[in-house]
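My notes are below the structure.

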Amino acid sequence: MIYLVGAGPGDPDLLTVKALRVLEKADVVLCDRLISAEVMACINPRATLIDVGKEEGQQCEKQRQIIPLLLYYGARHETVVRLKSGDPMVFARGGEELADLLDAGCEVEVVPGISSALAAPELAGIPLTYREVARSFAIVTGHGRDGLLQDWTAYARIDTLIILMGVKHRAEIAARLIAAGRNAGQPIAFIERASTPNERRVYATLGQVAEGMVEAEAPAVWIAGEVVGLSLGLSMTKPPSGAQRI
Ligand SMILES: C[S@@+](CC[C@H](N)C(=O)[O-])C[C@H]1O[C@@H](n2cnc3c(N)ncnc32)[C@H](O)[C@@H]1O
């Protein structure tokens, strides 16, 4: 059996029970770059670990190796795991890998994980929907295979916008969202390395991001919407670590 497993955002307590069970009995694990050391420590110590994490510029080459490796180990072992950060089907090529494995006649099971897109705002006390404030949310990539998305018109109208991989092009994305009609005064947050000991939260407005005034570091989830302004996270018992307001 080949399992496509979501590792969650980093904190091992945010693994699903099923993900933990599969990791504990794994024979071989192929893992991505953003898997935390604490989650890696949950893997069967006798398992063979293969790092297929992709640095910038080597994505295509590494991706080409993954299916042959899964087929090779899948034919020889009982429990082979393809471990991805967050959820395996959210900007993680899980769908493409599932299709290839099914085409090759493999038995595959998907174990969903908690996506950073949901975990990062929620851990900071930012709800994605809130009565009379936000009725819709969307998760979008700030940097796809084809580069920066050019037309942000559709996303300008979504109440809560969650942007993954958006740090590098943040000023340009913010400017495009404002040009498409999103309010420049809208509160935003960048949550870096959510759920890890190095988590940092940066609060500002969309206009400040467009003006290049906001420093943020990848990996981060960027949330734009009135829900950020509810500031529930600031009143939570555990104060946000490293929270910084511009
Ligand atoms: C290739 S995508 C993978 C997304 C993943 N499948 C998920 O569901 O979270 C990588 C992006 O996810 C976000 N990300 C993943 N883990 C994160 C974390 N712990 N804190 C903040 N952002 C994270 C960042 O935007 C990062 O650039």
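**Basis.** I am working from a predicted model, in which local features need pLDDT of at least 70 and side-chain atom pairs count only at pLDDT 80 or more, while totals for chains, interfaces and linings use all residues. I number residues from 1 along each chain as its sequence is written, and side-chain values use heavy atoms, with hydrogens and water left out.

**Open sheet.** I looked up the strand order first. Five strands form an open sheet in the order β3-β2-β4-β1-β5, with parallel pairing. I take helices (H or I, at least four residues) and strands (E, at least two) as DSSP runs, numbered from the N terminus. Two strands count as paired if DSSP finds at least two bridges between them. Which strands stand at the edges? They are β3 (48–51) and β5 (108–111), each with a single partner strand, so one side of each has no neighbour in the sheet. With direction ignored, neighbouring strands of this sheet are turned by 20 degrees against each other on average. For such angles, axes are lines fitted to C-alpha atoms, for helices over the stretch in contact, and angles run from 0 to 180 degrees between N-to-C directions.

**Pairings in the sheet.** I then went through the bridges. β2 (residues 28–31) and β4 (residues 80–84) run parallel and are joined by four bridges; Cys31 has Leu83 of β4 as its bridge partner. Helix α1 (residues 17–25) packs on the sheet and touches β1 (2–6), β4 and β5. The direction of α1 makes about 130 degrees with that of β1. Contact here means heavy atoms within 4.5 Å.

**Strand β1.** Is β1 enclosed or open? Five of its five residues are buried, so β1 is largely enclosed by the rest of the structure. I use buried for under 20% relative accessible area, exposed for over 50%, and partly exposed for in between (1.4 Å probe, protein chains only). Ile2, Leu4 and Gly6 lie on one side of β1 and Tyr3 and Val5 on the other, and both faces are covered. β1 runs parallel to β4, with five bridges between them, and Leu4 is bridged to Arg82 of β4. With β5, β1 pairs in the parallel sense over four bridges; Val5 stands opposite Val111.

**Cys106.** I found Cys106 in the loop between α4 (94–103) and β5. Leaving aside neighbours within four places in sequence, Cys106 is in contact with Ile2, Leu71 and Leu101.

**Cores.** Which residues touch the most other members of the largest nonpolar core? They are Ile163, Ile188, Phe190 and Trp222, in a core of 21 residues. A nonpolar core is a set of buried Ala, Val, Leu, Ile, Met, Phe, Trp, Tyr and Cys residues joined through side-chain atoms within 4.5 Å. Elements giving two or more residues to this core include β7 (160–164), α7 (170–179), β8 (187–192), β9 (200–205) and β10 (220–224). Another core, of 17 residues, lies apart from it, with Val5, Leu15, Ala19 and Val39 among them.

**Strand β8.** Six of the six residues of β8 are buried, so β8 is largely enclosed by the rest of the structure. Pro187, Ala189 and Ile191 point one way from β8, and Ile188, Phe190 and Glu192 the other way. β8 and β9 run antiparallel and are joined by six bridges; Phe190 stands opposite Val202 of β9. β8 also pairs with β10 in the antiparallel sense, over five bridges, and Ile188 has Ala224 as its bridge partner there. Leaving aside neighbours within four places in sequence, the contacts of Ile188 include Leu206, Val209, Trp222 and Val228.

Most residues other than glycine have a negative phi, and most peptide bonds are trans. I noted a cis peptide bond between Ala218 and Pro219, with omega about 0 degrees; Pro219 is in the loop between α8 and β10. Glu132, which is not a glycine, has a positive phi of about 65 degrees. Glu132 is in the loop between α5 (116–123) and β6 and is exposed, with a relative accessible area of 80%. Arg193 also is not a glycine and has a positive phi of about 45 degrees. Arg193 sits in the loop between β8 and β9 and is partly exposed, at a relative accessible area of 24%.
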